[in-house]
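Thanks, everyone. Let me put the chain up and walk through it from the inside out.

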Amino acid sequence: MKKFWLAGLLLMSAAAIAQQQKYDLSRDRHSIEKMQFDGHEAWRLSDGQSEAIIVPDYGRVMRFGRVGGINWLWNGPKQNYNPGEWKNYGGDKTWPAPQNQWPAMSGKSWPPPPMWDGAKHKAGVKGGKLWMISPLQKPLGARVVREFWFDINGDFVVSQAADKIEGDAVYFSLWSVIQIVPPEAIFLPLNPSSPYKNNFLWINPPKVEVDAKLLSPGLLRVLPSAGDDKNNFKIGTDAPVSAAIAVRDGWAFRARSDKPAGDYPDGALEAGFPVELWNMGPTDVHYNELELLSPLRLYKVGSRWQHAIRWSVHQLPTKDINSPVMQVAIEKLLE
């Protein structure tokens, strides 16, 4: 009996040690820690494979990539901003859409509502997630609330929501704006049954020729264009899949979200755009924006709507953006 008791105790001890080791490994892989970023307090999140850095003073995500790898996010040049000027720090942020409603939301058609983008946000950690809350934007009467974490599949989740705190009911969308370093190519999903010519719309047409190639009725490849503001352009797509992919040196950065039912901003009725692409053309500030939008929702005092975006980095089977192998790989990532 004593022998069996001792064997059981040893088994229990081994199981406890294994569980403790498992916990320690999990803790080491998934970490949230404070750090400094460009002289500001920041938070670094990692799952051991990828990492993200969030700066509450900016209200933005400023770095995302593989640990030790490139930063996919564009960071703006250091400068002193004048009062009322858009603080274009770079990185990722959330705006309300559509843009033509900004005068009613913040009193100006430009810059973006400053409490959501540019003002210092509150931040903290709860339940293994970093949360960040903007000040209240008036007269919109809403604040943006975001949570960040790495999920079990390795996706970095940016869960964005708007809380309607005060004021009249308003109808708007959550607009995820991810500023990225211009890649070799950007791939956008298309709706083969779209009412738009070539299955997408030039929201802001360029004044110079842009390489935007239909690879299939469901896939568009765009090569970023630099030079001056004649190279500025914006594309909208009423894609059945809410996602965009940027490709650099045989790697793909994918941003994707669910596509809930509803009307989306900026396009025709029942053919609005869950996916948009902006190209900032001047060479000295050349960047792209991968933009994913939620459906338009009615916000009354006390209401909250959420829309989560998922980021991930994937190695591709080829570096050749013109290869059929590349197209197949991209289509698989967009499934």
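One term before we start: two strands pair if DSSP finds at least two bridges between them. And a caution: this is a predicted model.

With that term in hand, take strand 10, residues 170-180. Of its 11 residues, 10 are buried, so strand 10 is largely enclosed by the rest of the structure. Which strands does strand 10 pair with? Strand 5, residues 92-97, pairs with strand 10 in the antiparallel sense, over six bridges. There, Pro96 has Leu174 of strand 10 as its bridge partner. Strand 19, residues 287-293, also runs antiparallel to strand 10, and six bridges join them. Ser176 finds its bridge partner in strand 19, at Leu292. Then there is strand 20, residues 297-299. Strand 20 pairs with strand 10 over three bridges, again in the antiparallel sense. Look for Tyr171 there: it stands opposite Leu298 of strand 20.

Now the packing. How many residues does the largest nonpolar core have? The count is 36. Those with the most contacts inside this core are Ile54, Phe64, Phe148, Phe156, Phe253, Leu290 and Trp311. Strand 21, residues 304-315, gives the most to this core, with three residues. A second core is separate and has 20 residues. Trp74, Trp86, Met105 and Leu174 are included in that second core.

On to the rings. A pair of aromatic rings is described by the distance of the centres and the angle of the planes. The count here comes to 23 aromatic pairs. I'll show two of them.

First, Phe64 and Phe156. Their ring centres are 5.7 Å apart and their planes are at 25 degrees, so this pair is stacked. Phe64 lies in strand 4, residues 60-66, and Phe156 lies in strand 9, residues 156-164, so the pair ties together parts that are 92 residues apart in sequence. Buried or exposed? Phe64 and Phe156 are both buried.

Next, Trp202 and Phe233. The centres are 5.6 Å apart and the planes are at 85 degrees, so this pair is edge-to-face. Trp202 is in strand 12, residues 201-204, and Phe233 is in strand 15, residues 233-237. That links distant parts of the chain, 31 residues apart. Trp202 has 28% relative accessibility and counts as partly exposed. Phe233 is buried, at a relative accessible area of 0%.

Ring pairs also build a cluster. Phe64, Trp72, Phe148, Phe150, Phe156, Phe253 and Trp311 are linked that way.

Two lysines sit over rings as well. Lys129 lies over the face of Trp149, 3.8 Å from the ring centre. Lys259 has its charged end over the ring of Tyr264, at 5.8 Å from the centre.

Where is Ser134? Find it in the loop between strand 7, residues 129-133, and strand 8, residues 142-150. Ser134 counts as buried, at 4% relative accessibility. A polar atom of the Ser134 side chain lies 3.0 Å from the backbone nitrogen of Val144. Beyond four places in sequence, Ser134 touches Met115, Trp116, His121, Arg143 and Val144.

Next, Arg221, in strand 14. Arg221 is buried, with a relative accessible area of 5%. Which side chain does Arg221 join through a polar contact of 2.7 Å? The partner is Asn322. Other residues that Arg221 touches, beyond four places in sequence, include Ile186, Phe187, Asp211, Lys213 and Ile321.

Last, Gly227, in the loop between strand 14, residues 219-222, and strand 15. Gly227 counts as partly exposed, at 39% relative accessibility. Not counting residues up to four places away in sequence, Gly227 touches Gly281, Pro282 and Thr283. Gly227 and His286 are 59 residues apart along the chain, and their C-alpha atoms are separated by 8.4 Å.

That's the tour. Over to you.

Key. Residues are numbered from 1 along each chain as its sequence is written. This is a predicted model: local features need pLDDT of at least 70, side-chain atom pairs count only at pLDDT 80 or more; totals for chains, interfaces and linings use all residues. Side-chain values use heavy atoms; hydrogens and water are left out. A nonpolar core is a set of buried Ala, Val, Leu, Ile, Met, Phe, Trp, Tyr and Cys residues joined through side-chain atoms within 4.5 Å. Buried means under 20% relative accessible area, exposed over 50%, partly exposed in between (1.4 Å probe, protein chains only). Helices (H or I, at least four residues) and strands (E, at least two) are DSSP runs, numbered from the N terminus. Rings of Phe, Tyr and Trp (its six-membered ring) pair if their centres lie within 6.5 Å; planes under 30 degrees apart count as stacked, over 60 as edge-to-face and the rest as tilted. A charge sits over a ring if NZ of Lys or CZ of Arg is within 6 Å of the ring centre and within 35 degrees of the ring normal. A polar contact is a pair of N or O atoms within 3.5 Å; within protein, one must be able to donate a hydrogen and the other to accept it, and residues adjacent in sequence count only if both atoms are side-chain atoms. Contact means heavy atoms within 4.5 Å.
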